[in-house]
Structure formats: C-alpha cells, structure tokens
Amino acid sequence: MGKILIINGSPRAPKSNSKQYAALFSKACSWESHYRDLTRANHLELCQAADEVSDVLFVFPLYADGIPVTLLNFLKTWEEYGSRQKPTVSVLINCGFLEAEQNNVAVKMMELYCRENGLPFGSVLKIGGGEAILSTPFRILVQAKIKKLARAIVRQENRTFQVTMPLSKKMFLNASTSYWIRYGERHGITREQMASMQIEP
Ligand SMILES: Cc1cc2nc3c(=O)[nH]c(=O)nc-3n(C[C@H](O)[C@H](O)[C@H](O)COP(=O)(O)O)c2cc1C
C-alpha cells in the first residue's frame, strides 16, 4: 500500500480553497496521507517528507495562467535537493475562471518539471470555478471527481479529470461580478477601485 504526501501550494494555504480540496482528497483516499501547507520556511522539511512516501499530490491554485511563485520556489529547492526517492507526482489544481481548461498550461508546467527531474507523473484533477464551487450545490460534482482522482492514484493510473459548475459563461460572469462587488462593499472598496491597477488604497 502506498503513502501520499499532500502539499498545499497556495500562497494563502491556511485559509485556501486548496486546503478544502486537500481535506476532501484525504477523506476519499484509502492510503495513509499526510497533509502539509507549503511555507517559505519548510522547504527542506517537505523534501525530506517526500523521501518517505510513494506519492506526492500538489494541490494549488492557478495564478496568472501558471503555478504560484510559492510553489515554483519549492520546486527549485526540491530539484536542488535531488530526492533519493522518486515519488509519483499528481496534481489537483483549481482556478477562479469557469473553464477547467484554464489550468492546462499549469499542468504542462508540472509535467515538464517531473520529466526533467525523473519523477513519474500520475493523475490530474482540474477544477474550474474553484473559488465558488464548494459553496454551491455543485460541491457534490467536485467530491465525485476527487474520489475518482484518489482511486486513479491508488491504482497507479495516469488519468486526467476535470470539473466545473454547469453554468453558462454569462450566468457565471453575472454571479461572480455581483459577488465581488458585494465583497468590495463589505470592505469599503468600490467597483472602480477594484478595476484599477492600484493594489493599496
Ligand atoms: C494573484 C492571483 C492570480 C490569479 N490568476 C488566475 C488566473 O490566471 N486564472 C484563473 O482562472 N484564476 C486566477 N486566480 C484565481 C485563483 O486561482 C482562485 O481564486 C483560486 O480558487 C484560489 O485558490 P486558493 O484559495 O487555494 O489559493 C488568481 C488569483 C490570484 C490571487
């Protein structure tokens, strides 16, 4: 039986959607699993932990059509560390936009990294609408796909799954726009301020 290390690569790991996806995965996976948030200070600890498992699952958000820099920095450390074991790497990635395919480039980045470092590549789950889906009735669609991902990893298969909210782009845009406007209002930020390039008021 394998053992899996789940690494949350979200820059806001303790409060992230990725944390919730990772928790659902742990529940669905029949293997022993160990969960860790990725921080600037624990790279070495995670490299050592990766030497003790058969599989690593990276759970992270899409940032600017790619992988977040927090995760990129860890991948550089892991490469330099030169792991003794070569665990199979799987990926669970979520993005804010509706289309799960938005995650394709980030998946390719992970595949390339694994190829260059002699790490076997496992399975993938791409989630669209990842900021919202868990608080909607479509949560069950994600849970079902996470179960499939867990099963594929345990069976050592190379599978790719994806899931999103079954909404039209127009409905998604309307719902997300009013969500963010209300969110801004709660924090004293106007729509115009949110649309500007200024990140500090
Ligand atoms: C700096 C930044 C860049 C982002 N870039 C994208 C993007 O290119 N495409 C996308 O669909 N979502 C993008 N998002 C949205 C996140 O992927 C989404 O909110 C995700 O649910 C965050 O997951 P987390 O809570 O696990 O960090 C971005 C979010 C931030 C903060």
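Author: Let's start with a loop. D65 sits in the loop between β3 and α3. Keep in mind that this is a predicted model.

Reader: What about the backbone, is the phi of D65 positive or negative?
Author: Positive, about 60°, although D65 is not a glycine. Most residues other than glycine have a negative phi.

Reader: And A64, where is that?
Author: A64 is also in the loop between β3 and α3. A64 has a positive phi of about 50°, and A64 is not a glycine either.

Reader: Is A64 buried or exposed?
Author: Exposed. A64 has 81% relative accessibility, so it is over the 50% cut-off.

Reader: Change of topic. How is the protein divided into domains?
Author: Into domain 1 (3–164) and domain 2 (166–195).

Reader: How far apart are the centres of domain 1 and domain 2?
Author: 28 Å, taken over C-alpha atoms. Domain 1 puts 9 residues into the contact, and domain 2 puts in 6 residues.

Reader: Pockets next. How much space lies in the largest pocket?
Author: About 900 Å³. The lining has 34 residues. G96, F97, E131, F172 and W180 lie nearest the centre of the pocket.

Reader: Which elements give two or more residues to that lining?
Author: α1 (17–28) and α6 (169–186). α6 gives the most, with 8 residues.

Reader: Which domains does the lining draw on?
Author: Domain 1 (3–164) and domain 2 (166–195), with at least three residues from each.

Reader: How many lining residues are nonpolar, polar and charged?
Author: The lining of the largest pocket has 16 nonpolar, 13 polar and 5 charged residues.

Reader: Since α6 came up, where is K169?
Author: K169 lies in helix α6. K169 is exposed, because its relative accessible area of 58% is over the 50% cut-off.

Reader: What does K169 touch?
Author: L98 and E99, leaving out residues up to four places away in sequence. K169 and R191 are 22 residues apart along the chain, and their C-alpha atoms are separated by 21 Å.

Reader: On to the inside. How many residues are in the largest nonpolar core?
Author: 29 residues. Those with the most contacts inside the core are F58, F60, F74, L75, W78 and M110.

Reader: Which elements give two or more residues to this core?
Author: On the strand side, β1 (3–8), β3 (55–61), β4 (88–94) and β5 (121–127). The helices are α2 (43–50), α3 (69–81) and α4 (104–116). The largest share comes from α4, with 5 residues.

Reader: Pick F74. What does F74 touch?
Author: I7, L38, H43, L46, C47 and F58, not counting residues up to four places away in sequence.

Reader: What is L125 in contact with?
Author: Setting aside neighbours within four places in sequence, L125 is in contact with V91, L92, I93, K145, I146, L149, F161, Q162 and V163.

Reader: Last one. Where does S30 lie?
Author: In the loop between α1 and β2 (32–37). S30 is exposed, because its relative accessible area of 53% is over 50%.

Reader: And which residues is S30 in contact with?
Author: M1 and V154, leaving aside neighbours within four places in sequence. S30 and A150 are 120 residues apart along the chain, yet their C-alpha atoms are separated by 7.8 Å.

Notes
Residues numbered from 1 in each chain as written. Predicted model: local features only at pLDDT ≥ 70, side-chain atom pairs only at ≥ 80, totals over all residues. Heavy atoms only, no water. 1 Å grid on protein atoms, 1.4 Å probe; cavity = no way out; pocket = protein on both sides within 12 Å on 5 of 7 lines; lining within 4 Å. Points joined across faces, edges and corners; volume = space filled by probe spheres on them. Helix = DSSP H or I, 4+ residues; strand = E, 2+ residues; numbered from the N terminus. Nonpolar A, V, L, I, M, F, W, Y, C, P; charged D, E, K, R; others polar. Domains from an automatic or database assignment. Core = buried A, V, L, I, M, F, W, Y, C linked by side-chain atoms within 4.5 Å. Buried < 20%, exposed > 50% of the residue type's maximum accessible area, 1.4 Å probe, protein only. Contact = heavy atoms within 4.5 Å.
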